[in-house]
Amino acid sequence: MTTAPRRMGSIDVFRAITMLLMIFVNDLWSLNGIPGWLEHTGANDDGMGLADTVFPAFLFIVGLSIPFAIQARKAKGESKSNTAVHILLRTLALLVMGVFHVNLEHYNHVALLSKPVYQILITVGFFMVWLDYPTTVSKQRRFTWQGIGIALLTALAILYKGGEGDTIIWMRPYWWGILGIIGWSYLLVAGIYLIGNGRLGVLVAALIFFFGFNVANHAGWLNALDPVKPYLWIVTGGSSPALTMAGVVVAVIYRRLSLQGKEKLGWIVLSLLAIFMVLFGFATRPLGGISKIKATPSWTAICTGISIVCFVILIILVDIKGRKNWFALIKPAGTSTLTCYLLPYIIYALVTLAKISLPAFLLTGGVGLIKSFLFAMIVIALGGLLEKWRLRLKI
């Protein structure tokens, strides 16, 4: 039997920090008078703020986790076909949640349910279907609750009404949403890792392909394929799977060198890769500039470089120096990540239903930023409490 890979605490901490930042920046919409460098840049702006670096970091972390997750399944004796089914089911879950969330943006007031109620119900449905049910819960009871959740989501999909004014339309993937993009990227990258048996040469070739596709897409070299884009295309023009595959490559390289007792060489190799990515990012800046919304090669590469640097720092801090306890307060964001991501959907909806409004001084400037940070910490604390009660999502 294959030996299970050693879990890296740095990945969990990186995931927790990223989720903390994601909740924080997602709350910035409620504030006024805050520094522009914290927010997303506009679609036509050449640059990026803190908010533009968070999602790519999460995609990178998804990639970091893939080799360990698949190898752990292999160590347990799970067949490749069973692992493939697991990958497909995880992808389906992320796509379903992503499509529901995207359609919330187009929710029409003429629908039977108000938007806040609808938002709460779909989140409850997600929990019912994808809850990490304790082993003490019988299969029959688990299947019953999951069946009720599926029925609830199906009913909510049927009841959905979108569009503007009198133009009523049904649910559709305007785009796949944050979770949907993660799902497609995970499917592509995990599938390549599984089929290629984790061979570094295959992974590096895939990384080069995704970055090359992204460059070709923005350089206009693929314009002849415009007619097929709505039906068959790589999500975000190759940007998202490039970030995810970069995480896989970094994890495989570092683990191999670490097992050989060459951790310092691993730091050097990863640091050089980070420098290369940043330089490549600036070299490709003429192809649409640095833009998250356009998912340009420049933004993709620079964010990859930033993510690698953050990972190296956390390897030294957490795995080498053992400072994981420094991040104990935000640990649930790394272990119940999807739960923490979804909780704000319930909280925002409840606040709207209760017609709660905060005074202006709590929504302005530095005080507003403290409010948003505390909100993120409260969400993570709630996630930790639910985790203790075994109410966490697992896909």
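## Charge

In this predicted model, the protein carries 33 positive and 15 negative side chains. Lys and Arg count as positive and Asp and Glu as negative, while His and the chain ends are not counted. The centres of the two sets lie 12 Å apart, with each charge placed at NZ of Lys, CZ of Arg, CG of Asp or CD of Glu.

## Basis of the model

Residues are numbered from 1 along each chain as its sequence is written, and side-chain values use heavy atoms, without hydrogens and water. Because the model is predicted, local features need pLDDT of at least 70 and side-chain atom pairs count only at pLDDT 80 or more, whereas totals for chains, interfaces and linings use all residues.

## Fold and dimensions

The protein has 13 helices and 0 strands; these are DSSP runs numbered from the N terminus, with at least four residues (H or I) for a helix and at least two (E) for a strand. The radius of gyration is 21 Å, close to the 21 Å that the globule rule gives for 395 residues, so the protein is as compact as a globular protein of that length. That radius is taken over C-alpha atoms, and the rule is 2.2 Å times the number of residues to the power 0.38.

Along its principal axes, the C-alpha trace spans about 60 × 55 × 50 Å. Of the contacts between residues at least 6 apart in sequence, 78% join residues at least 24 apart; contact means heavy atoms within 4.5 Å.

## Burial and core

Buried residues make up 50% of the 395 residues. Buried means under 20% relative accessible area, exposed over 50%, and partly exposed in between (1.4 Å probe, protein chains only).

The largest nonpolar core has 114 residues, and those with the most contacts inside it include Ile-66, Phe-100 and Met-245. Helix α2 (residues 51–75) gives the largest share of this core, 13 residues. Such a core is a set of buried Ala, Val, Leu, Ile, Met, Phe, Trp, Tyr and Cys residues joined through side-chain atoms within 4.5 Å. Leaving aside neighbours within four places in sequence, Ile-66 is in contact with Tyr-186, Val-189, Ala-190, Tyr-193, Thr-244 and Val-248.

## Two individual residues

Val-99 lies in helix α3 (residues 80–104) and counts as buried at 16% relative accessibility. Beyond its neighbours within four places in sequence, Val-99 is in contact with Met-171, Pro-173 and Trp-176.

Phe-282 belongs to helix α9 (residues 263–283) and is partly exposed, with a relative accessible area of 45%. Not counting residues up to four places away in sequence, Phe-282 touches Ile-290, Ser-298 and Ile-302.
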